[in-house]
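Please take me through this model stop by stop, in a viewer. Tell me what to select next and what is found there.

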Amino acid sequence: MNKSNKLWSLNIPINLKKVDKDTKYYLKVCEEKLGLVPNILKTNAINKKKFDAFNKFYNRIMQDDNYLSIKEKEMIAVVVSSTNRCLYCCISHGYNLSKILDDKVLSKNILINYRTAKISKKHKKMLDFAYKLTSYSHLIDEDDRNLLRKANFSENHILEIIDVTAFFNMTNRIASGTNMKP
């Protein structure tokens, strides 16, 4: 593999021609819908079980209709990625959020410092929780969950905020640990 085609800094060969037909189909759908295959998917495609588990979790968290809106989920993804300084995910989810909001400036403001962004108090509470869970998970307590409840988040919303935050912390670490390229 020549250097310009590298997805990351690890020396693990990636041969997408050798993936199974279901994975190829999934990657083809991504190419058609997004115009590209995200490197995080290519990275996971080196192992079928890993690929399936990652996508099943991602789709459940980000694509399925659950309790949070896609806007709220992308806001969490952006704040977690910004907190972790994950270039790959900041670019990817910052772009997604700007498309969802139809506002590049607001999206960038959320990415750089959500606390100064013109978003609702409810969303600031949600992002405060995601930030704290990312930076100081050992300090999360009932007071933090009560702040979300007071902002009208149900128990199911709170669990989904936790799921999305946890998922992007994991993904950020995969991207940063491999020096994944956007």
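**Salt bridges, then the pocket**

Select Glu-32 first: its relative accessible area is 55%, which makes Glu-32 exposed (buried is under 20%, exposed over 50%, partly exposed in between, with a 1.4 Å probe and protein chains only). The model is predicted, so local features need pLDDT of at least 70 and side-chain atom pairs count only at pLDDT 80 or more, while totals for chains, interfaces and linings use all residues. Residues are numbered from 1 along each chain as its sequence is written, and side-chain values use heavy atoms, with hydrogens and water left out.

The side chains of Lys-28 and Glu-32 form a salt bridge, at 3.8 Å from N to O (a side-chain nitrogen of Lys or Arg within 4 Å of a carboxyl oxygen of Asp or Glu). Both residues belong to helix 1 (residues 21–34), four residues apart, or about one turn of the helix. Helices here are DSSP runs of H or I with at least four residues, numbered from the N terminus. By the salt-bridge rule the count is eight.

Next, select Lys-132 and Asp-144, a salt bridge whose closest N and O atoms are 3.0 Å apart. Lys-132 sits in helix 7 (residues 121–135) and Asp-144 in helix 8 (residues 142–150), so this pair ties together parts that are twelve residues apart in sequence. Lys-132 is partly exposed at 22%, whereas Asp-144 is buried at 12%.

Move to Arg-149 and Glu-155, where the closest N and O atoms of the salt bridge are 2.6 Å apart. Arg-149 is partly exposed, with a relative accessible area of 25%, and Glu-155 is partly exposed at 48%.

Finally, show the largest pocket, with a volume of about 960 Å³. A pocket is an open set of points on a 1 Å grid over the protein atoms alone, where a 1.4 Å probe fits, with protein on both sides within 12 Å along at least five of seven lines; lining residues have an atom within 4 Å of a point. The volume is the space filled by probe spheres set on the points. Of its 31 lining residues, select Leu-34, Pro-38, Tyr-58, Ser-92 and Asn-96, the closest to the centre. Helix 1 and helix 9 (155–178) are among the elements giving two or more residues to this lining; helix 5 gives the most, with eight. Colour the lining by class: 20 residues are nonpolar, eight polar and three charged.

Conventions. Ala, Val, Leu, Ile, Met, Phe, Trp, Tyr, Cys and Pro count as nonpolar, Asp, Glu, Lys and Arg as charged, and the others, Gly among them, as polar.
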